Each structure stands twice: as structure tokens, then as C-alpha cells.
Amino acid sequence: MIQTEHDRLLIIDFGSQVTQLIARRLRELNVYCEIRPYQKVTDVGLREMAPRAVILSGGPDSVTREGSPRAPQALFELGVPVFGICYGQQVMMEQLGGAVEGGHHAEYGRAMITPAEGHKLDGIFAGLFTETGREQVWMSHGDRVTKLAPGFEVVATSPNAPFAMIADEERRFYGVQFHPEVHHTPGGKVMLENFVRMAGFTGDWTMAAYRDEAIRLIREQVGDAKVICGLSGGVDSSVAAVLIHEAIGDQLTCVFVDHGLLRLNEAEEVVTMFRDNYNIPLIHADESELFLGELEGVSDPEEKRKTIGRLFIDVFQKHADRIEGAAFLAQGTLYPDVIESVSFSGGPSVTIKSHHNVGGLPEKMGLTLVEPLRELFKDEVRALGRELGLPESFIGRHPFPGPGLAIRCPGAITRDKLEILRKADAVYIDQIRRHGLYDEIWQAFVAILPVRTVGVMGDGRTYDYACALRAVTSVDGMTADYYPFSHEFLGETATRIINEVKGINRVTYDITSKPPGTIEWE
């Protein structure tokens, strides 16, 4: 989105999986920023954009490789502050007369940096190293800077990065070998806050401003046409629907697709909740037979997602054909969906997995996508929902994936397994609510495993499914830690599931973080 009334910070994306976390940290500081892939930032375009400051992101490539990504050379002649992160630092050194080499000892994960002797810790590094004389940071690099460009000084070092923090105070150019945008660099927020303050940003970009700009852009895009919106009842699609309705009113019709992969009683709850709160036309499309028929026996996760995505398109097409003037399909696509499927704005990051609502629409539909939340994280969507006046019952719901229980059922999907999974999940969420933990957890669910195990119930032998409980804490969905339930809670929950859900005789708890895992199982 372009907001010309705000000072702008440009993030040049070299393909890091966490580039958008930079934007997230800046939005927390009420600074408006735009992410552009490096190949779309030209010298001429850069001067026309006239950003107040620029951040160079990390990336998976090596600056030592011929043809690897570079920043526009005009950037270093704009006279604005520049902050290079990881690959971004290396690009600065390579283009300004320093040197970068591979083949040294790599650093991945937590590391400790210490200040260089004699360097004054001010500017963007003010407020660091105050307690122990060291700072924890998160590293992810194979190459490293081996020679500083003219004008730069070393600010801090780590055991495997002799130029972990560098600065050219006269030109206001800064670089770090680590990632200040991630949670595991505690001082990173201070660094970014110092950078934007030094660059002269006033912090005037808010969710209210985003709402106003989004409404304007939706009206410009849609005009007098009709829009159908895929409504799941989750936070994302609900906020998207209310935002679009505020922009275009009765030009919007919502379609709730029951694909047979919902949780226990969810279809009735969603339809009732939405119709009781909003006067927006809503079609309840029960397409469970279609979806379950197509998915029968499918076990490959990517095939599941792609099948579901294709069928969603077919269903929306059917209903769009019945609405005269329907020209747009609205979705609640968020940035974490986009970055795991394909790089944001066409950049070079690596695909993690397909998402059913990412990647555009087939030409045969004749519809254009409206995705007003595509640049936002989940917590930002919740903030926008509050700005729009949505009730907390909408805003506080745990995320639920578009493919539903299909990706919580590793292996072949069957109706029997789905029914067992629904009941187990309902018991688990009931336990979480009974213990007052629902709002502390980002997302919780049960996955039914594609194995059967031997058990004993009463005096008899059982041979039933095992299930895994999953609960994570997160802020933005890009990284997550497992929730530390007590053993008492886990034992009580396992007992309830085994006693109340016929078909499960073993319960496990998934303690994998993201990364290396993803939140969902498939």
C-alpha cells in the first residue's frame, strides 16, 4: 500500500524468511514502511520514492557468488540512513569497498556479542551492553565480512563474526551480522527504535490510518462491482469481511463453505455468530460431500492442500455465477501464509509449503482477488478488528486453517478418523477453557496420528489411534514455542480423551518449536 501522507521507510528484501518481521517491529513503533524485492528497486524508482531511511534485509544467497543480489548503487548517494542486516550488511561492504568471504566457521542460533574496545556506544547502538557487557543475538550466516569499507568502524564482535556490528556515523550507515528483528535478539527492538528516531520518523502510522487507507483502496479497486468473500468464521476472514463491508456495503456477499473438515458444531456456531452480529448477506454452502469425496484416500500433504484450494475455487465460482455483477473474490490472506508459500512481492525467499488461499486465481474464474490483510500479521489483524469494533468473541479465537482438519489428519483422510479427531479436539479445547488458559495460548489443537497402538481398557485389549496435542505461544505466527502445560493438566486431559473418545487409546504432547517445525502438522 502507498501512503504518501506518511514518511516512508523502505525495506529492500533480499529473500530472508523473516524480512516481514522487520516491518512488524517498525509498525510497533508506528512507522510506515514498505517492502520491495531488490530486483524491483531501481536507481530511478528509489529517487522517486524518496524514503526517509532504508533497511537492507537478510537473505539466503552469498554475495561472493557471481550474479548474487545487490542494492541499487544510488541508495548510498541519497543521503539517508541505511541499516544492513546480515546479508544486507555484507552487500553494503561489497558495494562500498569492503570484503566478504565464505568458508569460515558459520554461526546459526544464539550468540553473544561484546563491544569493541574504544568505540562509543551511541547512535543506533545506544542502550546496549548496559547490564553484563554482552548482548545475546540471533545469528544465521555462513559468509562473513573480513574487511570494512572505508569510513566504517567495528562496534561489536562475536567469536565467529569479527565485524558483528559496524557503523559509519558520518554517513549514517550501519550494519549488523545478526538479526535484530527476531525475538531471540532482545536488544534488537532498541536498535530499530534508535534507528528510526535518528532518521526523524514521528511515529504517526497507526491501525486507524491503515483502516482508512485500506477502505480507500478497496473502493478504488472494486468500484461499482460486486464482491464475494470466503468466510471461515476465523479472525482473518471476519475482519476482512467487516472491513470490505465498511468500504462497499451491500456490494459484498459472504460465502461460508462447510467442507466437512470443520470442528465439532463449528458450522452452526459460525453462521449464528456472524448473522447475529452483522447485517451482511451470507450464503451457507454445505459442500462436505464434494470435498470429502475428492479427498478420500489422499495422504500427501501438498495434494490435500491443492485439492482443497481447487475445490474452494470451484465452489466460489458456482456462487459467483449466481450473483449478478460479481467481479471480485475477497480473502483473509495474511502475510505468514504468503511468505510460507512464495516470497512476498515476488522476492527470492524459499517456499515452505503451499497455502490454499495463496497464489492467485485461475483465469477461468474471471474474478480478481481482494486481499486487504495480505500485508498484516495476526496480531495486527486483531488490532484492526478492534478498530472496526468486532466483538472479542471474534477477535480472540485461535487461528483455524483453511484446509481445516485435513492437515491435522496425517495420512489418508477418512470420515471415521475425522469424527474421532473432532471429538478429541473438543475435549482438549474444553480442558484449556476450564483451566483458564485459552487466552494465554496462540493456537491449540489435536492431530490424529496415522498409527494404531496396543492398549488395555478394563480387561480387554485395544488397538486404536494415537493422537498428539499441540499448543503454542506466538505473537505473529512466524515463530512459536510450545505451551508449558503442567504434567497434571496433560495427565487429566489424556485421561478425558481416552475415556470420552472411542477410537483413541494413546495421547502424546508435541513440544516442537517453530522453527524447526511448523505450527500445523501438514
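Glu213 counts as buried because its relative accessibility is 5%, where buried means under 20% relative accessible area, exposed over 50% and partly exposed in between, using a 1.4 Å probe and protein chains only. Helices here are DSSP runs of H or I with at least four residues, strands are runs of E with at least two, and both are numbered from the N terminus.

A quick word on the model, everyone: it is predicted, so local features need pLDDT of at least 70 and side-chain atom pairs count only at pLDDT 80 or more, while totals for chains, interfaces and linings use all residues. Residues are numbered from 1 along each chain as its sequence is written, and side-chain values use heavy atoms, leaving out hydrogens and water.

Back to salt bridges: how many does a search of the whole structure find? The total is 30. One of them joins Arg171 and Asp168, at 2.7 Å from N to O. Arg171 is partly exposed at 33% relative accessibility, and Asp168 is buried at 5%. Another links Arg374 with Glu371, at 2.8 Å. Here Arg374 is partly exposed at 27%, and Glu371 is buried at 18%. There is also a network, in which salt bridges with shared partners join Arg24, Arg25, Glu28 and Asp379.

Now let's visit Arg382, in helix α11, residues 378-388. A polar atom of the Arg382 side chain does lie 2.7 Å from the backbone oxygen of Ile395. Leaving aside neighbours within four places in sequence, the contacts of Arg382 (heavy atoms within 4.5 Å) include Val235, His398 and Trp442.

Last stop, a pair of helices. In α13, residues including Ala424, Tyr428 and Ile432 meet a group in α14 that includes Phe489, Thr493 and Ile497.

Notes. A polar contact is a pair of N or O atoms within 3.5 Å; within protein, one must be able to donate a hydrogen and the other to accept it, and residues adjacent in sequence count only if both atoms are side-chain atoms. A salt bridge is a side-chain nitrogen of Lys or Arg within 4 Å of a carboxyl oxygen of Asp or Glu.
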